[in-house]
Amino acid sequence: LWSTGGICGVSLVNVTLQVEGTLRAVAGWDDWPSDGDDYSPFLHVRESKFFTLTGGGMIDGSGKVWWDRYILKPMKAKRPKLIILENSTDLLVHNLHLTNSPSFHLYVMDSKRVEIHHVNVTVDRKLPLWDPTLQPEDLNTDGFDLSGEDIWVHHCTIINDDDSIAIKPCGAENCVNSNCTQNILLEDLQLTGFGASIGSVSAHPRLPGQAFGRCIRNITFRRISMPNTGKGIYVKSNPGC
């Protein structure tokens, strides 16, 4: 099944989306929806609870046509993410293969009580190109980007060309479900890319009465394998810390 981006679910309750075959993004941007600043995610679920994404199939972002174009020729908006789960609670993502996203593969934003397991991410730099003389510029193809609280990620494999895991901060001015990204456990993972980052953004101002702006705390990595990774686990602290 082929589709453009812009598949969106809002205020879903007790919904399971099963991908049992291959759901593939159209390889091009002419018909892809955009708000002028960003191309819409391929799949965007927000303000939902008890949502499950599963099925044993593959979601293919057809990212190779975006990677070089973004580097070589200006685009009207930022490349789309493959999947965004935003401002939601009680989420389960499991038994899926995500491949060749134009940008991030799975972005969990400001969400609470999330479990991700047996999800494999791959980026294939050897695919035929829209211009066969070029090497794909598949940077920013992050595996899992996570913000919120009470998140458990386990038994996943990520092979990509940027952060395999990126833990991103929450604060009162940008998150609803948590004023700090916290209580995240990541275990039994194989990461081959540019490691696992904690931080990922520059400093943010404090609101009146706050002791800090956006923050991250209580993050645990254990039993992590990183064969041939570009980096390990690393912290991007704010300037002045």
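Which side chain does a polar contact of 3.0 Å join to that of Asn177? The first legend answers this, and each view is taken from a predicted model.

**View 1**
The side chain of Asn177 is joined to the side chain of Asn87 by a polar contact of 3.0 Å. A polar atom of the Asn177 side chain also lies 2.8 Å from the backbone oxygen of Asp110. Leaving aside residues up to four places away in sequence, Asn177 touches Asn87, Ser88 and Thr89, then Asp110, Ser111 and Lys112, and also Glu149. Ser88 is 89 residues from Asn177 along the chain, yet the C-alpha atoms of the two are separated by 7.9 Å.

**View 2. The disulfide of Cys170 and Cys175.**
The structure holds two disulfides, and this view shows the one that joins Cys170 to Cys175, with an S to S distance of 2.1 Å. The link of Cys170 and Cys175 is left-handed, with -75° about the S-S bond. Cys170 has a relative accessibility of 0% and counts as buried. Cys175 is buried too, with a relative accessible area of 10%.

**View 3. The disulfide of Cys180 and Cys215.**
Cys180 and Cys215 are joined with an S to S distance of 1.9 Å. With bonded cysteines counted along the chain, the disulfides of the protein follow the pattern 1-2, 3-4.

**View 4. Two further cysteines, Cys8 and Cys156.**
Are Cys8 and Cys156 buried or partly exposed? Cys8 is partly exposed, with a relative accessible area of 48%. Cys156 has a relative accessibility of 2% and counts as buried.

**View 5. A cluster of aromatic rings that includes Trp66.**
The structure holds five aromatic pairs. In one of them, the ring centres of Trp32 and Trp66 are 5.4 Å apart and the planes stand at 80°, so this pair is edge-to-face. Trp32 lies in the loop between strand E4 (22–25) and strand E5 (43–46), while Trp66 belongs to helix H1 (residues 64–72), so the pair ties together parts that are 34 residues apart in sequence. Trp32 and Trp66 are buried. Tyr39 and Trp66 form an edge-to-face pair because their planes are at 80°, with ring centres 5.0 Å apart. Since Tyr39 lies in the loop between E4 and E5 and Trp66 in helix H1, their pair ties together parts that are 27 residues apart in sequence. Tyr39, like Trp66, is buried. Ring pairs link Trp32, Tyr39 and Trp66 with Trp29 and Phe42 into a cluster.

**View 6. Charged side chains over the rings of Tyr70 and Tyr107.**
Which residue lies over the face of Tyr70? Arg79 lies there, at 4.5 Å from the ring centre. Over the ring of Tyr107 sits the charged end of Lys168, 5.1 Å from the centre of that ring.

How values were computed. Residues are numbered from 1 along each chain as its sequence is written. This is a predicted model: local features need pLDDT of at least 70, side-chain atom pairs count only at pLDDT 80 or more; totals for chains, interfaces and linings use all residues. Side-chain values use heavy atoms; hydrogens and water are left out. Rings of Phe, Tyr and Trp (its six-membered ring) pair if their centres lie within 6.5 Å; planes under 30 degrees apart count as stacked, over 60 as edge-to-face and the rest as tilted. Helices (H or I, at least four residues) and strands (E, at least two) are DSSP runs, numbered from the N terminus. Buried means under 20% relative accessible area, exposed over 50%, partly exposed in between (1.4 Å probe, protein chains only). A charge sits over a ring if NZ of Lys or CZ of Arg is within 6 Å of the ring centre and within 35 degrees of the ring normal. Contact means heavy atoms within 4.5 Å. A polar contact is a pair of N or O atoms within 3.5 Å; within protein, one must be able to donate a hydrogen and the other to accept it, and residues adjacent in sequence count only if both atoms are side-chain atoms. A disulfide is a pair of cysteine sulfur atoms within 2.5 Å.
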